[in-house]
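Colleague: I have a model open and would like to learn to read it. Can you take me through some features?

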Amino acid sequence: MTVFPYLVAAYVFLAGCYGLATSRHLIHAVGCLSVCQAATYVLLLAVGYRDGGTAPVFSDIEPGSRPVVDPVVQALTLTDVVVGATVTALLLALVIQVVKRHGTADPDELRELRG
Amino acid sequence: MNHLLPLLVAFPLLGAGLLATAGRLLPRIAAETVGVVVSAGTAALALVLLLDSSPPLVEWVGGWSPKASKGGESVGIVLVGDGVGLGMAALVSVLTVAALAYSWRYFDEAPEGRAGTFPALVLLFQGGMCGFAIAGDLFNAFVFFELMSVVAYALTGHRVEEARAVQGALIFGVVNSLGAYAMLMGIGLLYARTGELSLTAIGRGLDAHGGPDALTLAAFVLVLTGLLVKAAAVPFHFWLPDAHAVAPTPVCMLLSGVMVELGVYGVWRVYGTVFSGPGGIPTAGLERALLVLGTLTAAGGAFLCWYQRHIKRMLAYSTVSHVGLFLVAIGTLTPEGDDGAALYVLGHAGVKAALFAVAGILLDRYGSVDEKELHGRARELRAPAVLFAVGGLALAGLPPFGTALGKAVSEEAAGGPFTVLYVLVSAVTAGAVLRVAARVFLGLGPRPEEAAQAETKGTGEEPETHGRLGRLPDTMVVVPAVLLAAALTAGAVPGFAGLVSDAVSEAGSGGAVVTTPRWTAAGVLLGLLSTALAAGLAALAVTRPHVTAPHAWTGPVRRLQSGHVGDYVAWLVAGAALVGALAWPAVLGG
């Protein structure tokens, strides 16, 4: 096990944050949020990885016969994917409404809600 | 009794499902009745469980309890119903009933066949918040955290035709989701270290591993970031005024009354069960982080609260500053501080929800929540005027309101310079409320002039009712009155504070016997002092507007609230770094 996957997770998360902070388009911003979330998938799967392990599906392998990767983090990742799909869908719907009401998708041009 | 714990989540979710599917067949009155009945039933269940919560109830859902044959590990879902968790669930449920009662036949007629949408969303929100309050493992805490967040975004943007509402909901969604993902990264790191997800097992795992290191610190910072975003601590707070100013009034009551406080509760719970052992973060680290952030939050929130003219936004900043006071109270890491925070949260929930409810009356009657535009126009509203002023006094800490008792106990626990902070912050935030009361309901003082600086006005808001209200529905006045009465009861009934304190000490410090919080002479005097200061500030603002009007130097600070989602994300990252920097020396030293 190397530290490499953890560095990738941290990099992907920070790249998403950078994209969000500098975003010029709201759909791009929602995409960047999904990038941040992708970092959590990388991290969780890296946590559960075992050298030489196979998928934790016991229909075709004898339990205990060979190492498998941790199924718990895979369950967590799946739940996380579901959560992410909900959030992304809702935020994109809100972006559509923002564009309809404000006539722009550029966060720099949204003039309400200041001070 | 512990088998009933999952029902706290299941009831509202089933009710929401029922309303979402059958809502198109139901007439509006039936849909709203179902909403109120289900939320009230959940509230009753939460209260019954709360009375039976000593010793704490523990339920492994579906019987997936840890087996000794498997080394005591379990991947099951655990729910823990101790006094504090169930207390929060009860508070959530009672406030949900109040919000649904307030919105009784109140919204614009929903589109044909969708009468059930709003009550269904509110029930989902209640289910998510109850689940978060009683979650005993970190991953399910995250799932419930996301559930309540997503529903809150949808509720904030419920009036999708309004430009401000959708912008506020979008900002709320992006910032809170990013915080939640940071929290999930932290949970992943904790699982990597300990192989456990339940809170107490992670704590034991960390202790078994030895002293804290970089990974523990990173996990701590990431988890705390998610919770502090929810709690709206400075500099994670920017989403809150934007969301609360635009959300429908019943939703504001829930957001300000309990959802934000659940973030504070999460910090308390996670630190107490996961990071407080020898393998966690030394107490000095959390103490420094919470006291610094709490002080910044309290002072910054009060400062910005004073300069708002948009009444709901002013109340939102007041929530920010009170969260700062809660954070300082739990940051003392003493049982007395925890008692104070618990009492303060209870009192604050009633008072703040009542104030939002009255602001909603103004919105629906005049189509505006702008202090300057409404100057003197609400003279006809006698009962709401009294409620708003009483709410302001309660916010200032006038004994014997629950807020005053919570403030007094917290002050005593924090001590020293923090006493000044508590008195000033509650005086300034309540002063702003009383100023609005004097100008809007009494028409006192000269008509305020337009300010030169850019600011969010409260004019031209769409009423949430079907057209502007002529006659006030009784529910819209009765609900805030009952909420204020409840806040009064929380402080005035002898013995209530003792019950809260027992519940907190059993859940927090393991049942250590501590002094029961009670009114002290100093607490009463300081409460009266802050009330007098608040009244004085309001009087000064009304009679000499130029003295208290925003000066040019406040501009740069106020412009930080830019309404720009990218700026808020940058602040979030900076805030996470700040939390890390504050906790780091303690980890090195430990």
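**Reading the chain contact and the helices**

Modeller: This is a predicted model, in which local features need pLDDT of at least 70, side-chain atom pairs count only at pLDDT 80 or more, and totals for chains, interfaces and linings use all residues. Residues are numbered from 1 along each chain as its sequence is written, while chains are lettered from A and ligands numbered from 1 in the order in which they are written.

Colleague: How many residues of chain A are in contact with chain B?

Modeller: The size of an interface is often given as the accessible area lost when the parts come together. Here we count residues: 39 of chain A are in contact with 42 of chain B (contact: C-beta atoms, placed from the backbone, within 7 Å).

Colleague: Which helix of chain A gives the most to that side?

Modeller: H3(A), with 16 residues. Helices are DSSP runs of H or I, at least four residues, numbered from the N terminus. H1 (4–22), H2 (26–48) and H3 (71–102) of chain A each supply at least two residues.

Colleague: At what angle do H14(B) and H17(B) pack?

Modeller: Two packed helices are described by the angle between their axes and the distance between the axes. H14 (382–396) and H17 (474–492) of chain B pack at about 25 degrees, axes 10 Å apart. Axes are lines fitted to C-alpha atoms over the stretch in contact, and angles run from 0 to 180 degrees between N-to-C directions. H14(B) and H17(B) are therefore roughly parallel (under 35 degrees). Residues making the contact include B:Leu387 of H14(B) and B:Leu484 of H17(B).

Colleague: Is H4(B) mostly covered or exposed?

Modeller: Mostly covered: 17 of the 18 residues of H4(B) are buried (20 or more other C-beta atoms, placed from the backbone, within 10 Å of a residue's own).

Methods:
Two residues are in contact if their C-beta atoms, placed from the backbone, lie within 7 Å. Angles under 35 degrees count as roughly parallel, over 145 as roughly antiparallel, 65 to 115 as roughly perpendicular and the rest as oblique. A residue is buried if 20 or more other C-beta atoms lie within 10 Å of its own, exposed if 12 or fewer, and partly exposed in between; C-beta atoms are placed from the backbone.
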